[in-house]
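This briefing concerns the arrangement of chains in one model and the surroundings of selected residues. Please consult the sequence and coordinates alongside the text.

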Amino acid sequence: MTLAGTDATQDGGEGARTLTAAAVAKAVSGRLIGDPESVVRAIAPLDRAGPDDLSFLASARYSTLLATSRAGVVLVAPDLAESAGEGVKSRVVVEKPHDALLALIPKLYRAPAREPGIHPTARIGRGVALGETVTVGAYAVIEDGASVGDGSWIESHVVVGTGVVVGRECRLHPGVALYPGARLGDRVQVHSGARIGSDGFGYVFRQGAHQKIPHVGRAIVENDVEIGANTTIDRGSIDDTVIGAGTKIDNLVHIGHNVRIGKLCLVMAQVGVAGSAHIEDGVILAGQAGLGGHIHIGKGARVAAQAGVFGDVPAGESWSGYPARPHRESLRSYAALFKLAGMIRGLEKLLARSDA
Amino acid sequence: MTLAGTDATQDGGEGARTLTAAAVAKAVSGRLIGDPESVVRAIAPLDRAGPDDLSFLASARYSTLLATSRAGVVLVAPDLAESAGEGVKSRVVVEKPHDALLALIPKLYRAPAREPGIHPTARIGRGVALGETVTVGAYAVIEDGASVGDGSWIESHVVVGTGVVVGRECRLHPGVALYPGARLGDRVQVHSGARIGSDGFGYVFRQGAHQKIPHVGRAIVENDVEIGANTTIDRGSIDDTVIGAGTKIDNLVHIGHNVRIGKLCLVMAQVGVAGSAHIEDGVILAGQAGLGGHIHIGKGARVAAQAGVFGDVPAGESWSGYPARPHRESLRSYAALFKLAGMIRGLEKLLARSDA
Amino acid sequence: MTLAGTDATQDGGEGARTLTAAAVAKAVSGRLIGDPESVVRAIAPLDRAGPDDLSFLASARYSTLLATSRAGVVLVAPDLAESAGEGVKSRVVVEKPHDALLALIPKLYRAPAREPGIHPTARIGRGVALGETVTVGAYAVIEDGASVGDGSWIESHVVVGTGVVVGRECRLHPGVALYPGARLGDRVQVHSGARIGSDGFGYVFRQGAHQKIPHVGRAIVENDVEIGANTTIDRGSIDDTVIGAGTKIDNLVHIGHNVRIGKLCLVMAQVGVAGSAHIEDGVILAGQAGLGGHIHIGKGARVAAQAGVFGDVPAGESWSGYPARPHRESLRSYAALFKLAGMIRGLEKLLARSDA
């Protein structure tokens with residue numbers, strides 16, 4: 001089965017568009033081989049594609065799939081153009097099939113449909129400022145003094161806290177909660193269940209109890225940031241928590257209070273960043289990495305999956321392991337570790353002898 | 001205090017049922033010692049059980065608790081049958097007390113009560129297909145073109161996205177969100193706050209920005225799957241994300257786009273699986289394990305807690321550690337590592353001497 | 001820009017209060033240097049503070065910021081009192097500037113405002129007991145037989161399950177879900193998206209399927225506990241899950257079924273605790289640490305970030321690493337590991353020679 005039918009829009013609704021092989025070739029400035037009239041309605045991987053589907057072959061690793069594929073049209077790299085079988089009606093030869101495919105998705109799949117307007121069940125507080133052509137979904141709650149910019153889409157069950165600012169053309173998916181102190185720029189996407197501006201984890205131990213430090217800082221999310229499902233970003237204690245413009249954050253990530261993340265960073269799933277860490281522009285944090293409090297990650301640095309970072313990482317470097325070290329050092333250390341198992345007895349004997 | 005009273009149903013409501021010791025023995029085909037007429041209303045651990053409670057002793061480790069227990073009826077293994085004290089009115093001797101207990105829970109605790117019907121506050125979109133005896137709770141939102149199979153239970157504040165398919169006898173706990181592209185089979189249980197079908201983490205860097213790859217694949221959850229609280233499962237980009245029949249997923253797990261998980265797998269809390277990983281049937285992933293993208297985990301393999309898996313794991317093998325290796329290798333390596341600390345100085349001297 | 005204006009309350013609303021430098025000095029019993037009449041309305045870090053802001057300098061590391069700061073009033077430690085520049089109107093010298101600051105926050109920021117009453121859109125089930133001056137927000141759902149103590153605040157979209165007990169002066173932030181079996185004490189704070197009392201991850205493999213173990217235990221949260229955003233706490237299977245009084249839990253933490261956590265513990269973000277682990281009073285679990293099932297953590301023990309704990313930890317000890325060991329052992333082992341990389345070739349030669 002393919003992505004056609006009820007998947008024919010990104011939003012899962014009906015309404016497939018169609019493209020001819022010729023139109024595909026033209027759109028990606030590729031070279032057409034085969035029937036220019038064959039029509040595609042959807043995109044599918046080679047093994048599941050049918051005569052109505054567009055597919056692609058980017059790597060020789062999958063060329064066997066192309067030989068048996070029944071796809072109507074296949075985007076293929078020049079060196080692999082000849083590996084197609086009988087089943088494929090038309091091929092379009094392009095340098096980068098996958099990139100070309102991205103250009104075609106909007107031509108075959110409608111973007112999610114949005115109807116401007118406030119759903120009758122939405123609760124809008126006192127002094128709320130709503131921009132033009134805003135959409136507010138069922139059971140959304142916008143508390144007193146909040147503002148939402150032009151063209152933003154607040155989906156069902158979203159809670160926008162007191163005094164929160166949401167910019168233009170933002171999209172908050174169902175069940176997002178923005179605490180007071182949250183400030184979103186323009187074109188920010190927040191996925192379902194994300195919490196922005198929650199109190200940081202700060203206590204002072206006094207009179208036999210952990211006494212809560214009131215949090216009065218903000219959680220500032222700059223333009224063009226995307227935040228994944230069920231991710232949590234705490235507000236600052238006195239200073240602010242800041243997510244820089246164009247940074248993308250995956251699911252189930254934790255960002256502690258007063259953390260500053262620069263522009264155009266990539267933060268992958270389940271990463272945890274402890275309070276007051278400072279991450280410069282263009283940093284990549286891979287899945288499940290953990291960063292200690294108050295550390296500094298230099299511009300363009302990369303932190304590998306599951307790394308445990310307890311000190312500063314210089315700009316441009318790649319670090320990995322626990323405790324995190326420059327990636328090459330870590331690789332050598334872990335390689336040595338796995339050799340050590342077979343050597344340890346012999347080494348013990350050597351030491352015993354040398355002591356004697 | 002015991003589980004009786006307001007805990008007398010799984011759903012926390014009133015309405016204890018009762019069993020006599022004789023009925024317990026009959027139900028588990030066990031041998032009764034003591035008063036056949038003693039009545040139990042609930043189940044409690046040995047140390048908290050009272051005369052109205054059923055309890056159990058599976059391991060000699062806890063036999064001292066049995067000596068002082070006041071439980072009305074105790075399920076006990078043959079070799080431990082004699083360790084009960086005065087306080088216990090009746091014992092029922094069975095081979096596997098814990099398994100026997102599971103058979104008795106439904107006899108003492110009512111399953112959660114469900115009243116079929118659509119709550120007046122639920123919002124049902126255009127072209128939604130609801131099966132027979134479906135329950136839709138308060139403030140649930142079912143978007144256009146979605147379908148829900150016979151006997152399914154959509155609890156309060158659940159959001160079922162446009163065109164989503166939910167099978168028969170499913171249960172979606174409060175606050176679940178299903179994005180467009182989600183497809184649930186039959187008897188699927190999804191716990192509170194889980195997000196299924198969220199966009200995957202996919203961008204291409206162009207013109208100085210991370211440009212979002214539109215996701216048009218599906219998130220397919222097959223029959224008899226259970227998904228834990230606040231877990232996130234991304235939809236596929238072009239291919240699908242698939243969770244195989246009978247697989248159980250714990251809380252706070254992340255499943256990336258295009259991941260394929262086989263049948264009857266167990267995925268424990270906080271596991272993260274990166275995009276396009278392929279996991280065969282019967283695999284066990286222990287808590288906080290992380291799997292890299294595009295890797296393959298063979299049938300019946302086991303990945304230990306916190307393991308960092310960056311390559312393929314062959315069928316049937318157990319791997320652990322960082323980077324993950326066959327479990328025995330890892331154990332030997334870590335054992336050697338902890339010995340090394342005490343040897344390193346001596347080894348340095350040996351090397352110095354040998355260089356001289 | 002500063003925290004003044006729309007951030008002038010913890011809740012993000014309007015209504016700044018003001019303090020003179022003299023009043024500040026009096027409140028913290030500090031020594032005033034400079035203009036006693038200078039007025040502050042908000043608190044900001046040194047680099048962002050303006051003439052209307054109170055700021056502080058706790059560490060010499062930031063004394064250069066003080067030289068150029070334009071803060072109206074600065075709390076400063078005795079040894080740093082002289083490092084202020086022209087821009088600062090008044091200084092207040094105190095031993096612990098940060099602690100002093102905490103005492104001043106309530107004087108400048110209003111606590112979040114709460115209006116007692118049940119929102120007309122809230123759904124209250126049969127036999128629900130609500131205490132005095134309770135607040136229930138928009139679209140909250142309180143199921144049959146639940147009870148909420150005096151002065152508690154149930155925010156919008158919260159779901160309180162059948163028979164659940166919530167104590168006095170609790171605050172449940174938007175979108176919290178309490179499953180049946182949850183029991184909250186007094187002054188418990190639960191942050192947005194947390195799930196308490198979800199079914200534990202328990203199955204028995206029978207007739208070719210993972211069969212679910214019905215969970216009938218409770219999730220007991222004692223007085224003065226705070227629970228972070230999107231954290232999940234499972235109910236017990238037959239025994240209970242218990243979080244001890246005064247314990248604080250951060251975001252995205254997983255607590256498995258039957259886990260017992262003592263009083264006054266600190267559990268940091270993304271920690272995972274497997275079923276039936278027993279954690280004594282005053283334990284600190286740092287971020288992303290993982291604890292195996294059925295293990296015991298002694299009173300006052302500390303577990304370092306990302307540690308993988310598979311055995312018992314004695315009272316008062318600090319453990320770290322994978323597999324976790326006493327912290328000093330781990331440090332020595334990892335230090336040796338990083339030396340080993342440079343030695344491994346030489347050691348291999350030594351062994352070869354000695355074999356010869």
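Predicted model: local features only at pLDDT ≥ 70, side-chain atom pairs only at ≥ 80, totals over all residues.

Residues are numbered from 1 along each chain as its sequence is written, chains are lettered from A and ligands numbered from 1 in the order in which they are written, and side-chain values use heavy atoms, with hydrogens and water left out.

**Interface of chain A and chain C**
- In total, 74 residues of chain A contact 67 residues of chain C (contact: heavy atoms within 4.5 Å).
- The two chains bury about 5,400 Å² between them, with 62% of it on carbon and sulfur atoms (buried area: the accessible area, 1.4 Å probe, that two parts lose on being put together, summed over both).
- Five salt bridges are found across this interface (a side-chain nitrogen of Lys or Arg within 4 Å of a carboxyl oxygen of Asp or Glu).
- Asp239(A) and Arg48(C) form a salt bridge through their side chains, at 3.4 Å from N to O.
- Helix 4 of chain A gives the most to the side of chain A that touches chain C, namely 14 residues (helices: DSSP runs of H or I, at least four residues; strands: runs of E, at least two; both numbered from the N terminus).

**His254(A)**
- His254(A) belongs to strand 29 (residues 254-255) of chain A.
- With a relative accessible area of 5%, His254(A) is buried (buried: under 20%; exposed: over 50%; partly exposed in between; 1.4 Å probe, protein chains only).
- Beyond four places in sequence, the contacts of His254(A) include Thr232(A) and Asp234(A), as well as Asp250(C) and Leu252(C).

**Leu101(C)**
- Leu101(C) sits in helix 3 (residues 97-108) of chain C.
- Leu101(C) counts as buried because its relative accessibility is 0%.
- Residues up to four places away aside, Leu101(C) touches Ile238(A), Ile43(C), Leu54(C), Phe56(C) and Leu75(C).
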